[in-house]
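Here is a short note for a colleague opening this structure for the first time. Please keep the sequence and the 3D view side by side while reading.

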Amino acid sequence: QEMLKCSKNSEGTAELEEALATVLDIIKSVNDSMHQIAITGYEGDVSELGKLLMQGSFNVWTDHKKGHNKVKDLARFKPMQRHLFLYAKMLLFCKKREENTDGHEKTASYSFKNSLKMSTVGITENVKGDNKKFEIWYNGREEVYIIQASSVELKNTWISEIRKVLT
């Protein structure tokens, strides 16, 4: 990146840009792999879900139409912290856990909580009252997941990637 800043419009700029893109892609792949291997409790094989497109932490609220009871009604108002893994075939919801290893660095692990097949979901891009929220719904809105990103830009990036998968 520093080399590119110093070499704007000079010979070799295109090659530097290509090299930077390659290195950034490798870093993303390694980072994604580190997160994927930390998923626990998923019964299937994550390698069968297609390419990992995106992953990140979000506030998530759920709204399920069937089986309403007081606990579920109350639970909707408090968000859950979930780490989402968007694959070509499935969206995984995990709970991030951090464990100390011998008093040194914390290592993250992700407890699998839920999954949605991408072939069966719908998306609502805007949720009234918060421009950082979007909805992913399943089975004719029988299950609705309201997802809040940390920024509008992050929300738009996820929506764009989800739209590509759905189309």
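1. Salt bridges come first. A salt bridge is a side-chain nitrogen of Lys or Arg within 4 Å of a carboxyl oxygen of Asp or Glu. The structure holds four of them. In one, the side chains of lysine 96 and glutamate 98 meet at 3.8 Å, N to O. Buried means under 20% relative accessible area, exposed over 50%, and partly exposed in between (1.4 Å probe, protein chains only). Glutamate 98 is partly exposed at 48%. Lysine 96 is partly exposed too, at 39%.

2. A word on the model. This is a predicted model, in which local features need pLDDT of at least 70, side-chain atom pairs count only at pLDDT 80 or more, and totals for chains, interfaces and linings use all residues. Residues are numbered from 1 along each chain as its sequence is written, and side-chain values use heavy atoms, with hydrogens and water left out.

3. Now the loop between β7 (133–138) and β8, where asparagine 139 lies. Helices (H or I, at least four residues) and strands (E, at least two) are DSSP runs, numbered from the N terminus. Most residues other than glycine have a negative phi. Asparagine 139 has a positive phi, near 55°. Arginine 141 is found in the loop between β7 and β8 as well. Its phi is also positive, about 70°. Asparagine 139 is partly exposed at 44%, and arginine 141 is partly exposed at 33%.

4. Which residue forms a salt bridge with arginine 141? It is glutamate 135, with the closest N and O atoms 3.0 Å apart. Glutamate 135 counts as buried because its relative accessible area is 10%.

5. Threonine 124 is found in strand β6 (residues 121–124). It is partly exposed, at 25%. Contact means heavy atoms within 4.5 Å. Leaving aside neighbours within four places in sequence, threonine 124 is in contact with Phe134, Glu135, Trp137 and Arg141. Threonine 124 and tryptophan 137 are 13 residues apart along the chain, and their C-alpha atoms are separated by 8.0 Å.

6. Glutamate 143 lies in strand β8 (residues 143–148). Is it buried or exposed? Glutamate 143 counts as buried because its relative accessibility is 18%. Not counting residues up to four places away in sequence, its contacts include Asp63, His64 and Trp137.

7. Look next at helix α4 (residues 152–166), which holds lysine 155. Lysine 155 is buried yet has no salt bridge. The nearest side chain of opposite charge is glutamate 125, 6.8 Å away. For charge, Lys and Arg count as positive and Asp and Glu as negative; His and the chain ends are not counted. Beyond four places in sequence, lysine 155 touches residues including Glu125, Asn131 and Phe134.

8. Glutamate 161 and lysine 164 form a salt bridge, their closest N and O atoms 3.6 Å apart. They are three residues apart in helix α4, so about one helical turn separates them. Glutamate 161 is buried at 18%, whereas lysine 164 is exposed at 54%.

9. Strand β3 (residues 80–87) is mostly covered, with six of its eight residues buried. Eight bridges join β3 to strand β2 (residues 52–64), and the two run antiparallel. Strands pair if DSSP finds at least two bridges between them. Glycine 56 stands opposite leucine 84 in β3.
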